[in-house]
Structures are given as structure tokens and as C-alpha cells.
Amino acid sequence: MSGRITAIDAVWTNTDIMYIASAGGGVWKTTNGGASWKPVFDEQPILNIGSVAITQSNPSVVWAGTGEGNPRNSVSIGAGIYKTLDGGKTWKCMGLQKTKNIHRIIIDPNNPDIVYAGAIGNPFDDHAERGLYKTTDGGESWKLLLHTNDTSGVGDMVMDPVNPNKLLVAMWQHRRTPWSFKSGGEGSGLYITYDAGKTFKKLGKEDGLPDSVYGRIGLTISKSNPNRIYALVEAKKNGLYRSDDGGIKWELINSDPSVVTNRAFYFQDIRVDPVNENRLYNINQMIGVSEDGGKSFRTLIPYSGIHPDHHAFWINPLNPDFIADGNDGGMAISRDRGRNWQFDEKLPVGQFYHINVDNNLPYNVMGGLQDNGSWQGPAYTWINAGMRNAYWNEVNGGDGFDVMPDPDDANWVYSMSQGGELTRYNIKTGETWEIKPPDSSVTLRHRFNWNSGIAQDPFDKNTIYYGSQFVNKSDDKGVSWKIISPDLTTHDSAKTDQSKNGGLSIDITGAENYCTILAIEPSTLQKGLIWVGTDDGNLQLTKDGGKTWTSFRGKIPGMPVGCWIPQIRASRYHAGEVFVVCNDYRRGDFKPYIFRSTDYGATWSKLVDEQKVTGYALCMIQDPVQPNLIFVGTEQGLWISLDNGKKFQQFKNEYPSVSTYDLAIQEREADLVIATFGRALWILDDIRPLRKLAAQEGVLTSQKLVAFDAPQAYEARIKSPSGIDYSVWGTYEGENRKTGASISFLVNKTKADTGSLKIPDSGYAKIFNADNKQIRSLKIKTDTGFNRFFWGMEEKGIRSIGSRRMRGNSGNEEPGGLPVDPGIYKVLIETGKLKDSLFVTVNDDPNAPTPKEVRVARKAFIGRLNTLTLKVVELNERLTEADEIIAKMNENLKNADSSRSDSLKKSGKNLLESIKLIRYQISGKPQELQGYGSVPQVTIANTLGEVRRNVLGKTAIPGAQEERLMAEAKTLVDKALKQANDLFDGPWKNYRAYAEATPVKLFKDYKPIQ
């Protein structure tokens, strides 16, 4: 479940250092050949990356171009070119923001201040800032060298490896609209310059290229023989062309459609082996390779093994056996020229369209990804491991979109893929129902969006809704359907005809289907009230279950007519209230639009604008508990309002400015679940603290210490992981939720808190049971701002044998004991003079509860065992004190009269020997020989430990076996205690009396210093 990789570059002389560009997930770096990866672009305001280039003469200098260069319908738009001087630690935007998407970057190998940026431009808009740009001062200024028209940009470009003044640039005219894509036009063409861009020659028919309007052209030049250049040309007749004189003359080498005709807008890349000019790679859904200069190809990477749809293909110029491949599903590395590949699963750059949750415990999250299917998996686990890919279940293939749990049985989910395909799938059994609504008739066919709208009826668990141009309703979970609306779109026939979509190369996949329903939102408060949003800007409302509909087209002030309506949220508080998310970037407008009505659409207000958030709007959700708390996802991050939308602030806290596509709240656990289009899934655990702040409209309380409501806690049994145990390095493990009861609080420190008002950096959490008896004390940090710690749901325990005695209130040094019983506990937070408290409910393991009679019996038995153990603890401490007294006495006897000291020393020696023998009974005789392991010994400590393990190691009432073990332990303890008591009552008393009667000379005489 990785995602689309758009570009790869590595240090030629050290391929352990590699950078990859993700379509929506930023720039990632490895310094160990892919053993681990680190995101290095997360602090920047946008994460959509199309190109990356390393300065080989100084690999600390790296360039990244934002905005991807393969403009599919879900293309990620950029905002400039960035540069780092320190290997990705810090970045600076070096301009070109208006170019939007930068597909290629080439650095002059002789002068790193000279950089060429190939801007493909915004495919959704006509604008002048696109083409080939050049800087000669390291990005401080840029010059546009090549521009053909306002819908053309650089589709590809290469530099002669021995002559950096010579470049070939493929200009590409292309245009997207919300309903179409066209490749090709007069702005396309192949250009060559010999003077570093001062002048260009356009190549054409007279040079051996086709006599045609061109579309996209892919280029590659041989490092070993720079006269050998290949061009994969989209034209009226596609072809693979080759030049053997450095681009002066060209020859058609291959016109086989299986080689030269594909989805040129999405692929059209070729690469030549750096040491063999006849070895050519053709990069598309699969990877083909030619060994004869392009005349014939064989499959190198099939449609399996690693993810298909390849976009980035880096071959080490110094070692062509090393290849790094980037595709729609991540990246893979080959070290034997493509014969074998290793997929890297550690890159969480998945592009999720939707997110949903169920109510299982632990609950599951689910959603669909661009070209990576639809999946369901746990939000967290009660497993002793991180979140692993293997825990996830694929529920549908293709491009994945919304996944929706069946409210009757979470094992069943509804899931979608492109073209309106809809399934009902049982995760447990694999049973699959194909439930896509059939066409109404031969002449009246459904139009489904690439990402169709679906909804569960909140009043009837059997009823679901699915959008084409109609609202389709099933009251039997998809077994049968009926249409409950007219065509709710504009039904513009000029925009629904897909027969010529694609331009020079027809591309009919459903990606540009238009005049379709994107969002269906039934009210949870008023039965029959349903809102519908379409891709052509229609907002529709029915209050009678579809019998009549009201259109709001052109009636919402500030909403662009015809804009995209990807999401609608009906209020959980007022039936007449609704939030409508709109965006219009597909027509060149990047402003954020979310509109709100509180009176069924009679009047409207704007929830967000450019002053409140950055990036066009994609989603929103209002907290179902605190209406002042609103979350908004934009193309450039997550935004939070604590005052019902009056103000917003960006949520960071290591969450990057990533395209935030969808949001869900798991209501039982108060978790915000986030779907991103580039950084997979995130969960913000427990938003109750935000609710408390929102209750005060975001104004910080005057209280210096504030404890927040705690989520339910579970004494869950933690399972062992499946599949692998120790050897997890090299695999992906996301962060799992911490075990224990989550306790959150706020410390409001200010500059005025000095002197006696100073708030310490640590404090204590004191736990009280229902009888208000303190059962536990924990030392905690009390940092400025938000704090969270986890109580293990255990009461205070006893000291272990050999442990040190605690001095005063020593916090975490207090040992933990038995798990507490299920119930409600008070947690008192203290720091300095400040106090606040909260309550936490502790629940038994819902899957394997411990019977009450077992808890009671076990607690009683452990109480007896603790009493016995504490006697040994006290004995051990007394023996230690005796050791220390004898050692001090011997030290003081050094200068004493030998007539008495010798006897006293001898007596002390005998005592030490007796103490040692008692210690051997407690802890065993130390092993004197070196090596591994130890000789088995019967000791008091081992025997007491065995009793404890037998009692706590199973969910059962202690019985005869445990009583026998306890009796054996007691016998050993009693024996040691008797010996010790006899020792201290006899020899020790004698030693003490003799020692106290022995004068100890502590001073010596000093003569004057002359």
C-alpha cells in the first residue's frame, strides 16, 4: 500500500544515497541503499513532487520540482522549485511557483549554478508560465528559454552527457478539463539547442520525424555513445525513432502498436543503458527491454511481481546492473539489471480517496487508494508489534474509492472501483457480491464518476444509496436497485461524450466521466432528507426521500457555477444545517470553498476562504460531540477550528502539509481518522482535549493545570505477532497505540510563572479507587502545553528481593502490582501547588474477560505471597545493613589496639560467612566459572517467583498445586528466617557488645610542621 513514485535520483559513486519523489508524499531519502528511508520535505508548504535531481559534484545540493508530470485525472499540482544545500535538512523555494508542475530538472555537470527546469505546467489551465526555464545563479533568477503556447510544457528533455550546452527538449501540448483530456497540438514538438538555450531548432519531417501534429515525446540519450538518441513519438502514427548522429537525422525503428502506443499522457518514458546504446527500456504498465536498438522488445517486468504502471526508472550511469524503479505502488531496486527485484514496503506514500471506520473493538479503518485497490485494517492492535502491512485485508481491486461497513455485520463491507463497479465483500469468508446497479434500459445507461458517491441510510441498515447521474437506492443491501431521482446533473451532452477523449491517442477509461454524482448525504436527524452533489456543480436536496428535488445551482453566493462538489456533511445538530465542500482547481481556480446553510439552503455563508486556510478544500467534518470543533482538509494540510469556523489554524505536530482527502471520527474512541493523498492514513488519538478547548472557543483557560476527559481503557491481553517476530528491520511497522489508560492534561505555563509561582517540569499522578483509596503513584513530566502519559492499569506493588528501599515520594520507582479490577478510577494530577483530576473507566478484556471469582481468589493468594516475600525483602535488607556495619567497623579498626581488634575482626569475619550462607539460600551461590547459563539452584527467590508465575500465568483460581508451591516456599523462607534470627539474637549481639566496648582510635597525633 505504497503509492506513486514520480522521480528517482542517486549519487552515482554511492548509490546508498538516494532520493525519491512521491506524487503527493514529498521527498524521501536513504543513506543506506534503502534499508531505511526518511521524509526530508515535510516542513514545506506542499508535498506534491514531480522531479528530483542531485548535484553529482556536491551531493548535498539537491533540487526538487513540485507538481507531478504525468497528468492523470487525479494529478497533484505543485507550487515552485526547491533547493537544499545540506542534503535535505533544510529547503528553500527558489521560485517558479506559477509554473505549477515541474516534470524534469537537469543540472549542468560543469557548473552546478546552471540548472534547467522543464515545467509541464498546470494541465487544467491555460497559462504562460510553462516551458523550459534556466538559471545561471543557482536559482536566484530564472529565464524562460522555450515556450510554444499557453497549453504546452516540457514533456521530456535530455542533455548531451559530453556537451552540456546541447539539449533536446520535447514540448507537449495537452489540456485537461473536468470532463476531457486532449494530447497533441501545434505547441508540441522536438527542439534541439547547441548553445545552452540561446537558440533552438524545431525538428520535423525533413529530419526524419513524422509529418504530423505531435503529442507527447519521450527522450533518452546514450551516455556511452551520445550520438545515439531515442525518441518515442506520439503522433497521428506513433513510432519509436532513433538518431545515430546526435539528433540531426532520425529513423523510424519500431511502429509496433504494442510497443509505441500506450497511454502517452501517463507513461511515454524510455531509458537507454548507460554502457550499451543498443539496450533500451520501454517504461509503461510493464517494463520492456530491447537489445537491438529498439527493433524488438521482450518483457522485463510483467504485470506482477512488483506494482505495474511505472514512472521513474533510474539506471546507475557507472553500473547499469543497478536499477531503481518507481511506480504507482512504490519503488523497487534491482542489482542484476532487472532479472530480480526487491520491492520496498517501507514507504507510506499511499494516495487514499476516502476513509471510513467501523465499531469493532479494536475498530477498523477502511478506504480505497489510487491504483492500489481498497483495504480494511485495524486502527490499532492488541499485538506486541507495530502496525504491519500484513494486518490489512484487500476488499477490492483496481483504483479503490469509498469502503463502507455493513452496520449489521462489520465483516461485510461495500467497496467501489472505477467505472461505478460496486461490490459487497465478506472479509472473513471471501464471499463477494457484484452489486453495481444495472442500466435502466439499452438506451438509458448509467454515468458513474471515477469516484462515485455512496451512502448508508442512517435509519435503515438494509438501505444504501449509490450515485450515477441518478440516485440509486437499494433496500436489500444491493441485491436490487431502483432509481429515486431524475438526472440530477446538467446532462450536458457535449461533456458526456467520451468517444474521442484523449486527443491523438484515445483514452477511454471512465476517468473523465462527467455529469455524475460525487456525494450523497442523508440526514441523520430527518428521515427522507438527502443532499446530493455533482461534478458539474449541482447541489440538490430532497426532503421526501427522492419524490421531489430542489436545485441550488447559481443560488449560493460565492460558489463558482459548475464547480466540483466532492463532499457534503449534514449536521448532526440541526436538520436544516449542511456543509458543502467545493473545489474548482480543475478549471484553474485554487481557492478554498466550503459553504454552510442552517435553513435547508435558504441562506448560505462561507466557512473558509484564503485567509483562513491554504490550499483548495477537499473535505471537512464537524465533531459530533462539540459543534465548535471543525476539521477541514485541503490540498495543503489539515486545519482545525475551535470556534465553529470563525478562525482556523493548521495542525502540524509532525503532520505534514499533505493533501488531506477525507476525514472520519470514530465516535466511541473519539479518534480523528485521516485519509491523505500521498502519505497514507493517520489517526489523531483521542480528540477530547480539543473538545474541551473548543467548548471555550479556543480560548486557553486561566487554569494553570487542566485535566481532560479520558477515553475508555481496556485490560487487553497482548497477543504475539504473526508472520515474523524479531526480524522486522527492513519491513514496514507503523506506530501502534500505546497500551494502558491514556491520561491527557494541559500545563499553561507563562513567563510570569517565576519564583514561588514557578511550575515544575515534573509532577505526580495519584490513582484512587472507588473507595477513594490511593492505589498508585506515578512520576510524570509536566511540560508546557499538552501532555499525555499512560497508566498501566496496575495498583501499587511490593519491592522485589534485593531492591533498594524508596526514600520519600519517588514516583516511578514505586513498583507496579496486580492489574486493577474493572471500574472507575480517579486520577489526580499534581505539579507544585497545582492540582486537577479526571476519571478513567477501566474495562476488562472484551475478548477474554477475567472472571470476578478468579480476580478475588488470585488477589487474596498474591496478598499472602506478598506478605511472605516482604519478609524476605526485610531479611535481605537487614543482611545488607549488617554487611555494611562490619565493613565500617573493620575500617575503623585499622588504627586500633591489635589485642582487641584482632578478635573483633575475626568475629566479624565469622559473621560475614554466616550472612553469606543465608544469602545463598535467598538468591543462590554466585557462579564462579565464566560462560553462558548458570547451574540450577533451589533458592527462595526462584521458589517465590515460581509461585507468582503459577498464579498470574493463567486465568484460574489458585488451587492445590499453588498451595503446595506456597508451602514449599514458606518452608524455605522459615528456615532462612530462623537462621537469621538465631544469628542476630546470638553472634550478632555478642559482636555488637564487644565492638561497642572496644575503643576505636579515630584520631592521630600531629607534630608541628617546621
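**A covered helix, enclosed strands and aromatic contacts**

Helices α4 (852-892), α5 (898-923) and α7 (960-985) are among the elements that cover the buried residues of helix α8. Contact here means heavy atoms within 4.5 Å. Helices (H or I, at least four residues) and strands (E, at least two) are DSSP runs, numbered from the N terminus. A residue is buried under 20% relative accessible area, exposed over 50% and partly exposed in between, with a 1.4 Å probe and protein chains only.

The model is predicted, with local features needing pLDDT of at least 70 and side-chain atom pairs counting only at pLDDT 80 or more, while totals for chains, interfaces and linings use all residues. Residues are numbered from 1 along each chain as its sequence is written, and side-chain values use heavy atoms, with hydrogens and water left out.

Helix α8 spans residues 987-997, and its buried residues are Trp988, Tyr991 and Ala995. These three cover an arc of only 60° around the axis (taken from the directions from the helix axis to the C-beta atoms), which means that they lie on the same side of α8. An α-helix has 3.6 residues a turn, so residues three or four places apart point the same way. Asn990, Glu996 and Ala997 are exposed on the other side of α8.

For the protein as a whole, the secondary structure comes to 8 helices and 69 strands. The C-alpha trace spans about 120 × 80 × 60 Å along its principal axes. Of the 1010 residues, 57% count as buried. Among contacts with a separation of 6 or more, 54% come from residues 24 or more positions apart. The protein exposes about 43,300 Å², of which carbon and sulfur atoms supply 50%; accessible areas come from the Shrake-Rupley method with a 1.4 Å probe, and for residues only the protein chains shown count as cover.

Turning to the strands, β16 (residues 189-193) has 5 of its 5 residues buried, so the rest of the structure largely encloses this strand. Gly189, Tyr191 and Thr193 point one way from β16, Leu190 and Ile192 point the other way, and all are buried. In a regular strand the side chains alternate between the two faces of the sheet. Two strands count as paired if DSSP finds at least two bridges between them. Strand β14 (residues 167-177) runs antiparallel to β16 and is joined to it by 5 bridges, with methionine 171 having glycine 189 of β16 as its bridge partner. Strand β17 (residues 201-203) also pairs with β16 in the antiparallel sense, over 3 bridges, and here tyrosine 191 stands opposite lysine 202.

Strand β54 (residues 637-641) is likewise mostly covered, with 5 of its 5 residues buried. Gly637, Trp639 and Ser641 lie on one side of β54 and Leu638 and Ile640 on the other. Strand β53 (residues 630-634) is antiparallel to β54, and 5 bridges join the two. These strands form a hairpin with 2 residues between them, and glycine 633 has leucine 638 as its bridge partner. Strand β55 (residues 649-651) pairs with β54 in the antiparallel sense over 3 bridges, and isoleucine 640 stands opposite glutamine 649 in β55.

An open sheet is formed by 4 strands in the order β44-β45-β46-β47, with antiparallel pairing. Strands β44 (517-522) and β47 (550-551) stand at the edges with a single partner strand each, so one side of each is left without a neighbour in the sheet. Between them in this order, β45 (residues 530-534) and β46 (residues 539-542) pair over 4 bridges in the antiparallel sense. Valine 532 stands opposite glutamine 540 in β46.

Aromatic side chains complete the picture. A search of the whole structure finds 36 aromatic pairs. Rings of Phe, Tyr and Trp (its six-membered ring) pair if their centres lie within 6.5 Å, and planes under 30 degrees apart count as stacked, over 60 as edge-to-face and the rest as tilted. One of the pairs is edge-to-face, with tryptophan 531 and tryptophan 604 lying 6.3 Å centre to centre and 80° between the planes. This pair links distant parts of the chain, 73 residues apart: tryptophan 531 is in strand β45, and tryptophan 604 is in the loop between β50 (589-597) and β51 (605-608). Both tryptophan 531 and tryptophan 604 are buried. Elsewhere, Trp172, Phe181, Phe265, Tyr266 and Phe267 form one aromatic cluster.

Charges also sit over rings, a term that requires NZ of Lys or CZ of Arg within 6 Å of the ring centre and within 35 degrees of the ring normal. Arginine 424 places its charged end over the ring of tryptophan 433, 4.8 Å from the centre. Arginine 586 lies over the face of tryptophan 564, at 3.7 Å from the ring centre.
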